[in-house]
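This report is meant for someone meeting the structure for the first time. It looks in turn at strand pairing, at a helix contact and at aromatic rings.

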Amino acid sequence: MAAELFSTSLPHSEEVEVLDVKKSFIQLSKPEPTNEHGDERDAVQPFNSKDNNAEDRDSWQAAHPTLRERNALMFNNEQMADVHFVVGPPGETQTVPAHKYVLAVGSSVFGAMFYGDLAEGQSEIIIPDVEPAAFLILLKYMYSDEIELEADTVLATLYAAKKYIVPALAKACVTFLETSLEAKNACVLLSQSRLFEEPELTQRCWEVIDAQAELALRSEGFCEIDLPTLEIILQRETLNIREIVVFQAVLSWAAAECGRQGLTVTPRNQRTVLGKALYLVRIPSMTLQEFADGVAQSDVLTLKETHNVFLWFTATNKPRLEFPVVKRTGLVPQRCHRFQSSAYRSNQWRYRGRCDSIQFAVDRRIFIAGLGLYGSSGGKAEYSVKIELKRQGTVLAQNLTKFLSDGSSSTFPVWFEHPVQVEQDTFYTVSTVLDGNELSYFGQEGMTEVQCGKVTFQFQCSSDSTNGTGVQGGQIPELVFYC
């Protein structure tokens, strides 16, 4: 009936004209090659332009039965576009076609912009503070619910999602950042997480920075952070780091900041850009040798400050210092013990260059700092030991060192050079090869699952083990970790 009413309400000539207009409205033609800004508009084509069947072109909607599919075809498409965005800083802009209705139902910011009480009828909107790639990711999500994130654009995308209040995309960005978080980018992400007010991401960054402080502060990313973030890191009580490394990292940051401000890198300029942040370095907690060989020769401190610190180290009556004198507490290592008892026998446990190994997995991210090992059952003895951590055959860390046992059944810690990040729900392999007293204690009544604080460990036998260690008994009684 609706079709009959439409056809009888117009003269024949006008009907033809309306149909022609309707056809030209549905037909998707190539966009204009350039606009007044001189950039190309690469529109997505909802159908194959080489198809010569006009009827198929005019009914492209029928080929895409769901609303999501049809909306997705309109993404970055000139067809029916009623607004254009000029995105990016001057000289690097990209013009993006869009549809007000789609954007308004996906973002309250766009809703107010296009349909609010103060809405303006602009057909072109300039957005200089958002990267074009990030803006396209934002729009693609709003048109199709698809999220495609990449490491080099995720921060810019998070900014765009926050600006236009698209929480689902922002959450996806934060999750992506958490999974890619490691020591070399933790300080930069800490700075960004504070800027974007993402407390969960901030907490995850602190976990990495605390446990792997030396790696984090020696990274290139540390030199890119802003001064407030630098200050909040230097105030951190739980950093696992030697203070001389903190001082060296601060000098590297100051050199980079001189470059950003167009200043020559000199001790005086480094001190100037640091300002009060210099007094957050706990110089008196260093050893006298570290201070004499490093800080005292850097020329960053004044002669009076250098003199007073030397007196603080050596004099009975210590002068008052502007630097904090108490050493950082760092993190307290936790130990996962996998045996319920230990024993020794006259013919066990022997070491002849063979490998003791076990596999483990955890239910949350931790940082493996080292292993607890059994020592000699025949009195005081020294062992040379090689420890190793692998994931799917790839060596993540290893260390060749020594430890001294006292003849007791206690465990003796052996450390990796730096704590190693271990992800949840993945099996890792720890191995050790000892050389020393032939007979040592060994563990018994091993457990396949151990609850240690908030972390659940699971253990299974390793094919690398050639000296008898397994889940039920053997060496490697403890994993030492931070959480």
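## Strands, helices and rings

Serine 357 stands opposite serine 431 in β11, and on strand β8 (residues 381–391) it is glutamate 388 that stands opposite serine 431. The model described here is a predicted one. Strand β6 (residues 356–362) is joined to β11 by five bridges and the two run antiparallel, while β8 and β11 also pair in the antiparallel sense, over seven bridges. Of the eight residues of β11 (residues 428–435), six are buried, so this strand is largely enclosed by the rest of the structure.

Among the helices, the axes of α14 (residues 243–260) and α15 (residues 267–274) come within 9 Å and cross at roughly 95°, which means that α14 is roughly perpendicular to α15. On the α14 side the contact is made by Val250, Leu251, Trp253, Ala254, Ala255, Glu257 and Cys258, and on the α15 side by Asn269, Gln270, Val273 and Leu274. These contact residues divide into eight nonpolar, two polar and one charged.

The aromatic pairs number 21, and two of them are set out below.

| Ring pair | Distance between centres | Angle between planes | Arrangement |
|---|---|---|---|
| Phe291 and Phe313 | 5.8 Å | 40° | tilted |
| Phe457 and Phe459 | 6.3 Å | 10° | stacked |

The pair of phenylalanine 291, in helix α16 (residues 288–293), and phenylalanine 313, in helix α17 (residues 303–314), links distant parts of the chain, 22 residues apart. Phenylalanine 291 is buried, with a relative accessible area of 0%; phenylalanine 457 counts as buried at 0% relative accessibility, and phenylalanine 459 counts as buried at 5%. Elsewhere, ring pairs link Phe85, Phe110, Phe114, Phe135 and Tyr164 into a cluster.

Technical notes: Residues numbered from 1 in each chain as written. Predicted model: local features only at pLDDT ≥ 70, side-chain atom pairs only at ≥ 80, totals over all residues. Heavy atoms only, no water. Axes fitted to C-alpha atoms, helices over the stretch in contact; angles between N-to-C directions. Helix = DSSP H or I, 4+ residues; strand = E, 2+ residues; numbered from the N terminus. Parallel < 35°, antiparallel > 145°, perpendicular 65-115°, else oblique. Contact = heavy atoms within 4.5 Å. Nonpolar A, V, L, I, M, F, W, Y, C, P; charged D, E, K, R; others polar. Buried < 20%, exposed > 50% of the residue type's maximum accessible area, 1.4 Å probe, protein only. Pairing = 2+ DSSP bridges. Phe/Tyr/Trp six-rings, centres within 6.5 Å; stacked < 30°, edge-to-face > 60°.
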